[in-house]
Amino acid sequence: MSSIKISCVVVDDEPMALNLVESYVEKTPFLDFKKKCSSAIEAMEYIKSNPVDLLFLDIQMPDLTGIEFSKMLPKETRVIFTTAFDHYALEGFKVEALDYLLKPFDYAEFLAAANKANTWFELVKGKRQSILSEEKEFLFVKSEYKQLRIKLADVLYFEGLKDYIKIWVKDKSKPILTLMSLKSLEEELPATQFMRVHRSFIVALNNIDVVERSQIIINEQRITVSEHYKPKFLEFINNNSLS
């Protein structure tokens, strides 16, 4: 079973095709369906503020084709093309698509392409996380016109506050305040040491004192584990429990 979740957007101007691919994504455990869009323009607007890993992208669409759109995507976002025309295969290869599904395709064909994407993301994200886990012991954060060096082992938890983050560390009564989003910080932290448990909180797993129902207690601070993050957190607890 895959250890990662691949966030996905489905883009197609044909409603039946759009709904079919959405249903395929929904029943594939390692894919995380985010949105379906009926045009590349709509998808572009969504991705600006909601980065995703993978697009299932139709090629022939009005205004902006899938090929044209794929050239505008961030390098981190990969594509599996879906099309009724096989002569686009070479163009798909040129823009480094992970795969190319020729309509009409069934779930078995879809799953084969999705598995190819899963293998790619496992390798890339796994390699990146390995480097972070092994090498990252501290962060430099900008606070009050200074770059502060913070040892990750001293961090209790990170608290998001609009565009700012409060960094609560051991033996300090006040947090360090820095201008940064919790999402961008989450991508830089070793997943073996830190976990997001709420839209506003990332906790240091080694510094958890007590888990009480749906709450974590760290240094007398209670932090609620939200429903969205609960399955992953419970998996961590179960994997590290003696009972």
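Trainee: Hi! Starting with strand E11 (residues 194-198), how many of its 5 residues are buried?

Mentor: Strand E11 has 4 of its 5 residues buried, so the rest of the structure largely encloses it. Buried means under 20% relative accessible area, exposed means over 50%, and partly exposed is what lies in between (1.4 Å probe, protein chains only). Strands (E, at least two residues) and helices (H or I, at least four) are DSSP runs, numbered from the N terminus.

Trainee: Before I go on, what kind of model is this?

Mentor: This is a predicted model, in which local features need pLDDT of at least 70 and side-chain atom pairs count only at pLDDT 80 or more, while totals for chains, interfaces and linings use all residues. Residues are numbered from 1 along each chain as its sequence is written, and side-chain values use heavy atoms, with hydrogens and water left out.

Trainee: Good. Back to E11: which strand is it joined to by 4 bridges?

Mentor: That is strand E12 (residues 201-204), and the two run antiparallel. Two strands pair if DSSP finds at least two bridges between them. E11 and E12 make a hairpin with 2 residues between them, and Phe194 stands opposite Ala204 in E12.

Trainee: New topic. How many helices and strands does the chain have?

Mentor: The chain has 7 helices and 15 strands. It is 243 residues in length, and 42% of them count as buried.

Trainee: In what order do the 5 strands of the open sheet come?

Mentor: The order is E2-E1-E3-E4-E5, with parallel pairing. Strand E2 (31-37) and strand E5 (99-102) are the edge strands, each pairing on one side only. From one strand to the next, the twist averages 20°.

Trainee: How many bridges does E1 share with E2?

Mentor: Strand E1 (residues 6-11) pairs with E2 over 6 bridges, in the parallel sense. Val9 stands opposite Lys35 in E2.

Trainee: And which elements does helix H1 touch?

Mentor: Helix H1 (residues 15-26) packs on the sheet and touches E1, E2 and strand E3 (54-58), with its direction at about 165° to that of E2. Helix H2 (residues 40-49) also packs on the sheet, touching E1, E2 and E3, and its direction makes about 125° with that of E2. Contact means heavy atoms within 4.5 Å. Axes are lines fitted to C-alpha atoms, for helices over the stretch in contact, and angles run from 0 to 180 degrees between N-to-C directions.

Trainee: Which residues of H2 are buried?

Mentor: Ala40, Ala43, Tyr46 and Ile47 are the buried ones in H2. They lie on the same side of H2, because they cover an arc of only 125° around the axis; the arc is that of the directions from the helix axis to the C-beta atoms. They pack against E1, E2, E3 and helix H3 (66-70).

Trainee: What does the face turned away from that buried side carry?

Mentor: On that face of H2 are the exposed residues Lys48 and Ser49.

Trainee: Which residues touch the most other members of the largest nonpolar core?

Mentor: In that core of 22 residues, they are Ile6, Val25, Leu31, Leu54, Phe56, Ile80 and Phe110. A nonpolar core is a set of buried Ala, Val, Leu, Ile, Met, Phe, Trp, Tyr and Cys residues joined through side-chain atoms within 4.5 Å. E1, H1, E2, E3 and helix H5 (107-135) each supply at least two residues of this core, and H5 gives the largest share, 5 residues. Not counting residues up to four places away in sequence, Val25 touches Cys8, Val10, Leu31, Phe33, Phe56 and Phe110. A second, separate core of 19 residues includes Val9, Ala40, Ile47 and Leu55.

Trainee: How many disulfides are there?

Mentor: The count is 0 disulfides, a disulfide being a pair of cysteine sulfur atoms within 2.5 Å. Cys8 is buried, at a relative accessible area of 0%, and Cys37 is buried at 0% too.

Trainee: Last one, backbone geometry. Which residues does a cis peptide bond join?

Mentor: Lys103 and Pro104, with omega about -10°. Pro104 lies in the loop between E5 and H5. Arg213, which is not a glycine, has a positive phi near 55° and is exposed, with a relative accessible area of 84%. Glu220 is not a glycine either, and has a positive phi of about 75°; it is exposed at 77%. Most residues other than glycine have a negative phi, and most peptide bonds are trans.
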